[in-house]
Amino acid sequence: GVEPFVAFIIGSYDIRMPTQASKVQAFCVKDKAGTTTPMEVVYKVTSDAPDSATLESIRKLVESQKSVDKRVNPTELWRPFTTLNSDGSPEGGPCTKLAKMRASLRGHLATTSMSEDDIEDFLDEIAKIIQKVWEIDLGY
(Lines give C-alpha, C1' and ligand atoms only; values in the text may rest on other atoms or scores of the structure.)
Protein backbone atom coordinates (compact mmCIF):
# COMPACT_ATOMS: atom_id res chain seq x y z
CA GLY A 1 0.00 0.00 0.00
CA VAL A 2 0.83 3.66 -0.01
CA GLU A 3 2.49 4.82 3.15
CA PRO A 4 2.52 6.72 5.20
CA PHE A 5 -1.24 6.99 4.88
CA VAL A 6 -2.59 10.13 6.59
CA ALA A 7 -6.29 10.54 7.37
CA PHE A 8 -8.70 12.64 9.38
CA ILE A 9 -11.66 11.22 11.24
CA ILE A 10 -14.35 13.83 11.74
CA GLY A 11 -16.88 12.85 14.38
CA SER A 12 -19.60 14.99 13.01
CA TYR A 13 -22.94 13.54 14.09
CA ASP A 14 -22.33 11.96 17.52
CA ILE A 15 -25.28 13.26 19.54
CA ARG A 16 -23.27 12.90 22.78
CA MET A 17 -21.01 15.84 21.87
CA PRO A 18 -21.61 18.79 24.19
CA THR A 19 -21.69 21.38 21.37
CA GLN A 20 -22.20 21.42 17.63
CA ALA A 21 -18.43 21.47 17.03
CA SER A 22 -17.18 18.31 15.33
CA LYS A 23 -14.42 16.28 16.93
CA VAL A 24 -11.43 15.99 14.57
CA GLN A 25 -8.69 13.39 14.95
CA ALA A 26 -5.74 13.00 12.59
CA PHE A 27 -3.73 9.82 12.29
CA CYS A 28 -1.05 8.20 10.17
CA VAL A 29 -0.68 4.53 9.34
CA LYS A 30 2.84 3.23 8.78
CA ASP A 31 4.46 -0.15 8.47
CA LYS A 32 6.72 -0.71 11.48
CA ALA A 33 8.67 -3.96 11.57
CA GLY A 34 6.09 -5.69 9.38
CA THR A 35 3.13 -4.47 11.42
CA THR A 36 0.70 -1.80 10.30
CA THR A 37 0.68 0.76 13.09
CA PRO A 38 -1.72 3.71 13.44
CA MET A 39 -0.20 6.80 15.07
CA GLU A 40 -1.83 10.04 16.11
CA VAL A 41 -0.74 13.08 14.12
CA VAL A 42 -0.46 16.57 15.57
CA TYR A 43 -1.58 19.18 13.06
CA LYS A 44 -1.91 22.93 12.90
CA VAL A 45 -4.86 24.85 11.49
CA THR A 46 -3.93 28.03 9.69
CA SER A 47 -5.77 31.33 9.92
CA ASP A 48 -5.98 31.52 6.12
CA ALA A 49 -9.47 32.25 4.86
CA PRO A 50 -10.95 29.80 2.36
CA ASP A 51 -11.01 30.98 -1.25
CA SER A 52 -12.72 30.10 -4.53
CA ALA A 53 -10.50 27.01 -4.88
CA THR A 54 -11.85 25.81 -1.53
CA LEU A 55 -15.44 26.22 -2.74
CA GLU A 56 -14.55 24.36 -5.94
CA SER A 57 -13.12 21.47 -3.90
CA ILE A 58 -16.28 21.41 -1.79
CA ARG A 59 -18.42 21.38 -4.95
CA LYS A 60 -16.43 18.40 -6.31
CA LEU A 61 -16.81 16.57 -3.01
CA VAL A 62 -20.57 17.21 -2.94
CA GLU A 63 -20.86 16.03 -6.56
CA SER A 64 -18.96 12.84 -5.74
CA GLN A 65 -21.57 12.06 -3.06
CA LYS A 66 -24.64 12.78 -5.22
CA SER A 67 -25.50 9.16 -5.94
CA VAL A 68 -24.35 7.67 -2.63
CA ASP A 69 -27.33 5.90 -1.06
CA LYS A 70 -26.30 6.42 2.56
CA ARG A 71 -25.16 10.04 2.29
CA VAL A 72 -26.18 12.47 4.99
CA ASN A 73 -29.53 14.16 4.55
CA PRO A 74 -28.93 17.73 5.76
CA THR A 75 -32.66 18.25 6.41
CA GLU A 76 -32.78 15.44 8.98
CA LEU A 77 -32.81 16.16 12.68
CA TRP A 78 -29.36 15.74 14.23
CA ARG A 79 -30.72 15.88 17.77
CA PRO A 80 -33.72 17.44 19.53
CA PHE A 81 -31.57 19.99 21.39
CA THR A 82 -28.66 22.30 20.55
CA THR A 83 -26.11 21.76 23.33
CA LEU A 84 -25.46 19.60 26.37
CA ASN A 85 -24.69 21.36 29.63
CA SER A 86 -21.86 20.12 31.87
CA ASP A 87 -24.42 18.20 33.96
CA GLY A 88 -25.62 16.41 30.80
CA SER A 89 -28.91 18.27 30.56
CA PRO A 90 -29.97 19.37 27.04
CA GLU A 91 -30.44 23.02 26.13
CA GLY A 92 -31.82 24.82 23.09
CA GLY A 93 -34.17 23.80 20.35
CA PRO A 94 -33.91 21.06 17.74
CA CYS A 95 -30.92 21.07 15.41
CA THR A 96 -30.84 19.72 11.85
CA LYS A 97 -27.72 18.19 10.35
CA LEU A 98 -27.34 21.27 8.13
CA ALA A 99 -27.53 23.62 11.13
CA LYS A 100 -25.01 21.43 12.97
CA MET A 101 -22.61 21.47 10.00
CA ARG A 102 -22.91 25.24 9.69
CA ALA A 103 -22.27 25.76 13.41
CA SER A 104 -19.24 23.49 13.39
CA LEU A 105 -17.76 25.14 10.30
CA ARG A 106 -18.57 28.59 11.72
CA GLY A 107 -16.46 27.75 14.77
CA HIS A 108 -13.49 26.78 12.59
CA LEU A 109 -13.89 29.76 10.27
CA ALA A 110 -14.03 32.15 13.23
CA THR A 111 -10.30 31.50 13.68
CA THR A 112 -9.57 32.85 10.19
CA SER A 113 -9.31 36.41 8.98
CA MET A 114 -12.92 36.30 7.72
CA SER A 115 -15.56 38.70 9.02
CA GLU A 116 -18.79 37.27 10.47
CA ASP A 117 -20.67 38.38 7.34
CA ASP A 118 -18.09 36.69 5.08
CA ILE A 119 -18.35 33.50 7.13
CA GLU A 120 -22.14 33.47 6.76
CA ASP A 121 -21.83 34.12 3.01
CA PHE A 122 -19.33 31.25 2.68
CA LEU A 123 -21.62 28.89 4.61
CA ASP A 124 -24.56 29.97 2.43
CA GLU A 125 -22.52 29.15 -0.68
CA ILE A 126 -21.81 25.65 0.64
CA ALA A 127 -25.52 25.13 1.36
CA LYS A 128 -26.41 26.38 -2.14
CA ILE A 129 -23.96 23.91 -3.66
CA ILE A 130 -25.51 21.04 -1.71
CA GLN A 131 -29.02 22.20 -2.61
CA LYS A 132 -28.26 22.46 -6.33
CA VAL A 133 -26.18 19.31 -6.74
CA TRP A 134 -28.30 17.03 -4.56
CA GLU A 135 -31.55 18.64 -5.77
CA ILE A 136 -32.94 19.10 -2.26
CA ASP A 137 -34.66 22.17 -0.84
CA LEU A 138 -32.58 23.75 1.90
CA GLY A 139 -34.29 27.13 1.63
CA TYR A 140 -31.64 28.90 -0.49
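Q: How do helix α1 and α3 pack, and at what angle?
A: This is a predicted model. In it, helix α1 (residues 52-64) packs against α3 at an angle of about 30 degrees. Their axes are 10 Å apart.

Q: So what do we call α1 and α3, roughly parallel or roughly antiparallel?
A: Angles under 35 degrees count as roughly parallel. α1 and α3 are therefore roughly parallel to each other.

Q: And which hand is the crossing of α1 and α3, left or right?
A: Right-handed, as α1 passes α3.

Q: Which residues make that contact?
A: From α1, Thr54, Leu55, Ile58, Arg59, Val62 and Glu63 take part. From α3, the contact uses Phe122, Glu125, Ile126, Ile129, Ile130, Val133 and Trp134.

Q: How do the residues in the contact of α1 with α3 split by class?
A: There are 9 nonpolar, 1 polar and 3 charged residues.

Q: Now α2 and α3. How do their axes cross?
A: Helix α2 covers residues 97-109 and helix α3 covers residues 116-134. Their axes come within 10 Å and cross at roughly 140 degrees.

Q: What does that make α2 and α3?
A: Oblique to each other. Roughly antiparallel would need an angle over 145 degrees, and the crossing here is at roughly 140 degrees, so the pair counts as oblique.

Q: Which hand does the crossing of α2 and α3 have?
A: Right-handed.

Q: Who meets whom between α2 and α3?
A: On the α2 side, the residues are Leu98, Met101, Arg102, Leu105, Arg106 and Leu109. They meet Ile119, Glu120, Phe122, Leu123, Asp124, Ile126, Ala127 and Ile130 in α3. By class, the contact of α2 with α3 has 10 nonpolar, no polar and 4 charged residues.

Q: What is Arg102 in contact with, leaving aside neighbours within four places in sequence?
A: Glu120, Leu123, Asp124, Ala127 and Tyr140.

Q: What about Ser115, where does that lie?
A: In the loop between α2 and α3. Ser115 has 33% relative accessibility, so it counts as partly exposed.

Q: How far is Ser115 from Pro74?
A: Their C-alpha atoms are separated by 25 Å. Along the chain, Ser115 and Pro74 are 41 residues apart.

Q: Switching to strands. What order do they take in the sheet?
A: The order is β1-β2-β3, in an open sheet of 3 strands. The pairing is antiparallel.

Q: Which are the edge strands?
A: β1 (5-11) and β3 (35-40). Each pairs on one side only. From one strand to the next, the twist averages 30 degrees.

Q: How many bridges join β1 to β2?
A: 7 bridges, with the strands running antiparallel.

Q: What happens at Ala33 in the hairpin of β2 and β3?
A: Ala33 takes a positive phi near 55 degrees. The hairpin has 2 residues between the strands.

Notes: Residues numbered from 1 in each chain as written. Predicted model: local features only at pLDDT ≥ 70, side-chain atom pairs only at ≥ 80, totals over all residues. Heavy atoms only, no water. Pairing = 2+ DSSP bridges. Helix = DSSP H or I, 4+ residues; strand = E, 2+ residues; numbered from the N terminus. Axes fitted to C-alpha atoms, helices over the stretch in contact; angles between N-to-C directions. Parallel < 35°, antiparallel > 145°, perpendicular 65-115°, else oblique. Left-handed = near helix turned anticlockwise from the far one by under 90°. Contact = heavy atoms within 4.5 Å. Nonpolar A, V, L, I, M, F, W, Y, C, P; charged D, E, K, R; others polar. Buried < 20%, exposed > 50% of the residue type's maximum accessible area, 1.4 Å probe, protein only.
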